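Please have a look at the model first.

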Amino acid sequence: MAQIEPGFDAAALDAFLHRSLEGLPGPMRLERIGGGQSNPTFFVTYDDRALVLRKQPPGELLPSAHAIDREYRVISALSRTDVPVPPALLYCEDRTILGTPFYLMEKVEGRVFHDCTLPGLSPDERSAMYASLAETLAALHNVDVEAAGLADYGKPGNYFARQIARWGRQWELSRSRDDVHIDRLRAWLPEHIPADETVSLVHGDYRIGNAMFHPTEPRVVTLLDWELSTLGHPLADLAHTAIAWLSRPDEYGGIEGLDLETLGLPDLDRFSALYAARAHHSQTLQPFHLAFALFRWAVIFEGIAARARAGNASADNAAETGRLATAFARRAAELTR
């Protein structure tokens, strides 16, 4: 086995997998996948089998946090739909194996880009990849949740009201300053929720970095990181994706201000149209949806800054994320005028 410190007994995992899965020749090799995942994730590789393991982090957790059972449930259900997901293999809630529940899925080969400009590709490739990203989001929102066995995967209806209240409470917990833009948003958003109660399965963090593209073709082959998925409003996902067009390259890697046509990237109207052409619902993005998405991100950045000030990250990190919280809140408030 590879000599790493996974935080659990690798031999116990190897023995469990040999009991649970057929045909695993050769030694097991573990590789921790870096990045921002709050649920530790590992490549688990045998001579001719490549798997991915996701587990809860160790220690005491909040009751609804790190619900990897929900991740396993949703990707298992979506395997029977047009939504590209990794093939789910097994879920284990026995804590005696790794100390926490975990699940296994097949590893999907492909490319993941954390830069919205998709560097190193041609304009035509970029255009096709963004089209695939929009069409895949529509496919997700078109899923019949009852037929997929996900009708109870979240609370249907009243989604935005609940979300606005939730992020307002989060602001109160993490704030270190007054922000007139946040104050305005907390007052304005509840009064301007669109009347429609469209409900669909939502990813919760739909963006270019959570889509894996085919190794050589410009199409999405799987969606990653389902930790925030639930039943909600489909335009919350679309607006979350739209943050890329509403922020500059120095603001969390946005594309505002870039020469999109030369790069081969669609503008937001074009991306939204590609999505709408495939989506079964007829709702369209409004300033409310974009303001909500920016408000949510502003609160998230404020929370990161608060943790940094508390000593969980560098002072530079606190200053940078604090700046982003201010910028996103201001931009959201501008949409309410």
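Predicted model: local features only at pLDDT ≥ 70, side-chain atom pairs only at ≥ 80, totals over all residues.

Residues are numbered from 1 along each chain as its sequence is written, and side-chain values use heavy atoms, with hydrogens and water left out.

**The helix pair**

- The axes of α4 (residues 123-141) and α9 (residues 268-278) come within 8 Å and cross at roughly 40°. Axes are lines fitted to C-alpha atoms, for helices over the stretch in contact, with angles from 0 to 180 degrees between N-to-C directions. Helices are DSSP runs (H or I, at least four residues), and so are strands (E, at least two), numbered from the N terminus.
- The two helices α4 and α9 are therefore oblique to each other (angles under 35 degrees count as roughly parallel, over 145 as roughly antiparallel, 65 to 115 as roughly perpendicular and the rest as oblique).
- On the α9 side, Phe-271, Leu-274, Tyr-275 and Arg-278 meet residues of α4, including Tyr-130, Leu-137 and His-141 (contact means heavy atoms within 4.5 Å).

**The sheet**

- An open sheet holds three strands in the order β6-β8-β9, with antiparallel pairing (strands pair if DSSP finds at least two bridges between them).
- At the edges lie β6 (111-112) and β9 (220-223), each pairing on one side only.
- Strand β8 (residues 211-213) is joined to β6 by two bridges, and Arg-111 stands opposite Phe-213 in β8.
- Helix α4 packs on this sheet, touching β6, β8 and β9, and its direction makes about 45° with that of β9.
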